[in-house]
Amino acid sequence: MNEKALKTLEYYKIIEKLSSFAGSGLGKALCNSLLPVSDIEEIKKAQRETSDALSRILRKGSLGFYGVHDIRASLKRLEVGSSLSAQELLHLSSVLDATSRIRAYGVKDSADSDSTLKETDSLEEMFRSLEPLTLLNNEIKRCIISEEEIADDASPALKSIRRSLKLTNDKIHDQLNSIVNSSGSKTMLQENIVTMRNGRYCIPIKQEYRSQFPGMIHDQSSSGSTIFVEPMAVVKLNNDLRELEIKEQQEIERILEALSDQAGQHSEKLYNNIKVLPELDFIFAKATLSKQMKGMEPLFNDKGIVNIKKGRHPLIDAKKVVPIDITLGKDFNLLVITGPNTGGKTVSLKTVGLFTLLGQSGLHIPAFDGSELAVFEEVYADIGDEQSIEQSLSTFSSHMTNTVSILEKANYQSLVLFDELGAGTDPTEGAALAMAILNYLHKRHVRTMATTHYSELKVYALTTEGVSNASCEFDVETLRPTYRLLIGIPGKSNAFAISSKLGLPSHIIEDAQNLIGVQEKSFEDVISDLEKNRLEIEREKEEIAALREQAKNLQVKLEQQNDKLASAKDRIMAEANEEARKVLQEAKDVADRTIKNFNKWGSEGGFGKEMEHERGKVRDLLSSTEGKLAIKGKQKSSKTPKPGEFKIGDAVHVNSLGLKGTVSTLPNAKGDLYVQMGILRSQVNISDLELIDEPDITGPNITKSGSGKIKISKALHISPEVNLIGKTVDEALSELDKYLDDAYLSHLPQVTVIHGRGTGALRNAVHSHLKKTKYVKSYREGAFGEGGQGVTIVEFKQ
């Protein structure tokens with residue numbers, strides 16, 4: 001990218017902010033050297049790295065890169081076999097500390113339950129390539145306390161030497177103190193102190209006692225009155241001390257050499273660390289910048305299409321900036337922006353240009369998700385007043401010089417931005433030049449944006465295919481711009497409206513309006529009408545959007561309600577089916593048990609309290625079950641029969657038991673009467689009865705008169721089974737026919753015919769007769785426990 005565009009679009013101000021987020025000097029250097037690129041794959045890779053770093057920051061918090069020193073020079077020295085100083089080794093240790101901390105932040109923990117961490121991102125490999133070299137780092141820390149101090153435990157030899165140094169020092173001080181404090185030396189001492197000269201302990205002696213005090217002279221005062229003498233008693237001790245100090249230094253150098261050799265064995269890994277750490281620092285600085293300006297990763301294309309949604313210029317206060325929507329390169333490749341001064345035209349230009357530079361540098365842009373940028377090889381910008389007194393260039397000349405340079409270099413892979421194209425000269429000539437320049441770029445398919453006040457360019461944009469107008473909205477009532485960019489609508493300068501609001505006399509404004517040509521006035525009126533229509537359409541769109549949102553919410557609520565109803569329906573049906581199954585099973589069990597008891601009592605002739613008690617239990621159970629059911633069966637008749645309607649022998653239905661029977665006594669004063677139900681005779685109230693019609697049964701042994709008495713008498717003596725064994729077929733059929741009539745009249749639900757197995761002739765005759773009997777519902781052979789093939793179970797119609 002050309003340097004002029006980078007400066008004009010204030011790219012370096014963003015880079016300065018980016019650099020402030022880097023934690024290391026090497027990371028800051030990478031930030032400061034960042035420039036846009038035009039390789040779309042390289043751009044996408046850089047954008048993905050920024051997005052992944054931002055995702056990690058939002059998930060885990062920020063990552064610090066403090067302690068990352070530039071150790072590349074030290075590594076070079078290790079390569080040639082040199083030893084590092086304590087300071088250099090501490091810097092190397094600091095880098096390893098940072099490496100360990102940063103690797104722990106970046107490498108996924110296998111025990112981490114967060115599903116989002118299970119996906120490998122573009123930074124995972126970089127984090128994994130870091131080598132903390134823990135053993136080397138711990139050894140450096142063990143041996144080196146600070147840049148000026150090596151630990152006593154760095155080696156056994158060093159520890160021994162320092163112990164000897166301490167003992168020797170103590171001996172020297174004891175000897176010197178005894179000399180200083182002795183009575184014979186006090187007169188010769190200038191001061192009662194022990195000092196050091198040239199690394200050796202001395203005593204200040206008066207000049208006149210120079211020959212009387214035995215020892216080596218090392219120095220004298222500036223006045224010459226004092227000499228500094230090393231007493232002969234401590235010369236050897238001082239020599240020993242000096243030798244120990246030399247040995248100490250040699251041992252320290254040996255320790256540093258050993259540490260350097262150990263570090264040299266890992267030079268390749270250290271080189272990789274110092275390469276990766278600044279890169280990560282740089283990437284996380286980009287992510288931090290994105291977080292600070294609420295940026296997002298834009299989409300990229302190589303078709304020259306720009307589609308910015310709610311873009312915010314990053315250098316404008318976030319509380320004041322107005323988001324703008326800008327499109328270019330799809331339906332049109334030239335956008336002419338008009339409107340009043342300070343309305344936001346230049347900001348719109350700079351936003352598009354700066355977003356392009358940031359995006360192609362791998363930086364996020366402060367815009368809405370789904371924003372799209374094109375990859376341009378060059379961005380050219382002629383923005384601002386660049387007149388130069390030194391070069392004797394006017395505003396027009398300066399702009400035209402830039403324009404000539406742009407026209408020479410721009411092609412279809414360029415983005416060109418013009419601010420007030422053609423300004424600074426005669427309006428007629430300036431408008432013509434501007435139109436010719438834009439037309440030239442338009443024919444060459446160069447993506448271009450230009451701001452202007454010229455009405456001629458508005459008409460050019462309206463009448464030329466592939467060119468569109470845009471305007472910065474202005475509120476005439478408040479005399480303030482809204483800073484909204486409106487694509488497809490030309491703007492007005494609003495000079496007359498602004499002047500009127502500011503108090504310019506109306507007659508002057510009218511004179512000015514009369515001086516405008518008819519064509520210009522008509523064009524301004526068209527623009528005014530367009531503006532009114534736009535505002536009206538926007539209001540309608542907002543209303544439609546609100547109604548659509550309301551309808552959508554209602555639809556969602558309705559769907560949720562339907563889902564709840566369907567779910568509730570399924571649940572209720574399932575519960576009802578389960579309840580019905582339980583009721584039916586219980587009823588079957590009760591019926592089987594009751595029939596078994598009735599059959600037993602019938603064969604034994606028991607019609608007493610036990611049967612009445614069993615009947616009561618069945619009636620109570622039916623009443624209880626009926627109360628639980630949500631859906632009732634056939635409801636009993638709402639009309640209760642009157643006592644006078646009952647006659648002995650009438651067929652009735654006992655509602656509580658669900659059985660048919662025959663009236664055997666007339667109702668008493670309370671409405672109670674006895675009903676014969678097969679072998680069961682029970683007292684029932686008339687409110688629990690329904691009179692039913694029953695066909696008369698005819699036969700050779702039944703007369704039509706007194707049918708009720710016949711039914712009652714038969715019911716009192718009828719057995720639930722008949723034994724035909726030992727009889728001929730004719731005898732058996734005659735007895736069977738009579739028995740079946742009696743059993744049916746007695747309202748027995750089923751009977752058992754005992755015919756035995758034998759040859760099967762009697763069984764076949766019985767079955768043939770049963771087929772012809774109208775009131776027989778079905779028959780079957782006996783089951784296990786009922787007599788098997790030796791009996792036939794007959795069920796009557798009810």
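N137 touches S93, L96, D97 and P132, with residues up to four places away in sequence not counted. Contact here means heavy atoms within 4.5 Å. N137 sits in helix α8. Helices (H or I, at least four residues) are DSSP runs, numbered from the N terminus. N137 is buried, as its relative accessible area is 6%. Buried means under 20% relative accessible area, exposed over 50%, and partly exposed in between (1.4 Å probe, protein chains only).

The model is predicted: local features need pLDDT of at least 70, side-chain atom pairs count only at pLDDT 80 or more, and totals for chains, interfaces and linings use all residues. Residues are numbered from 1 along each chain as its sequence is written, and side-chain values use heavy atoms, with hydrogens and water left out.

D97, one of the residues touched by N137, also forms a salt bridge with K141. The closest N and O atoms of D97 and K141 are 2.7 Å apart. A salt bridge is a side-chain nitrogen of Lys or Arg within 4 Å of a carboxyl oxygen of Asp or Glu. This pair links distant parts of the chain: D97 lies in helix α6 (residues 86–106) and K141 in helix α8 (residues 134–143), 44 residues apart. D97 is partly exposed, with a relative accessible area of 30%. K141 is also partly exposed, at 42%.

Other salt bridges share partners, joining R56, D121, E124 and R128 into one network. Within it, the side chains of R56 and E124 meet at 3.2 Å, N to O. R56 belongs to helix α4 and E124 to helix α7 (residues 124–129). The two residues are 68 apart, and their pair links distant parts of the chain. Both R56 and E124 are buried. A further salt bridge pairs D70 with R72 at 2.8 Å, N to O. D70 is partly exposed, with 45% relative accessibility. R72 is partly exposed too, at 42% relative accessible area. The count of salt bridges comes to 28.

Helix α4 (residues 40–60) also holds S55. S55 is partly exposed, with a relative accessible area of 33%. S55 and A287 are 232 residues apart in sequence, yet their C-alpha atoms are 8.4 Å apart in space.

Helix α2 spans residues 11–20. Its buried residues are Y11, I14, I15, L18 and S19. Seen down the axis of α2, these residues fall within an arc of 140°, so they line one face of the helix. The arc is that of the directions from the helix axis to the C-beta atoms. An α-helix has 3.6 residues a turn, so residues three or four places apart point the same way. The cover over the buried residues of α2 includes α1 (3–8), α3 (25–32), α12 (267–292) and α13 (345–359).

The model has 2 cavities of 30 Å³ or more. A cavity is a set of points, on a 1 Å grid over the protein atoms alone, where a 1.4 Å probe fits but cannot get out. Grid points are joined across faces, edges and corners, and a volume is the space filled by probe spheres set on the points. The second largest cavity holds about 30 Å³ of space. D382, H399, T403, D419, E420, L421, G422 and A423 line the second largest cavity. Lining residues have an atom within 4 Å of a point. By class, this lining has 2 nonpolar, 3 polar and 3 charged residues. Ala, Val, Leu, Ile, Met, Phe, Trp, Tyr, Cys and Pro count as nonpolar, Asp, Glu, Lys and Arg as charged, and the others, Gly among them, as polar.

Terms used
On a 1 Å grid over the protein atoms alone, a cavity is a set of points where a 1.4 Å probe fits but cannot get out, and a pocket is an open set with protein on both sides within 12 Å along at least five of seven lines; lining residues have an atom within 4 Å of a point.
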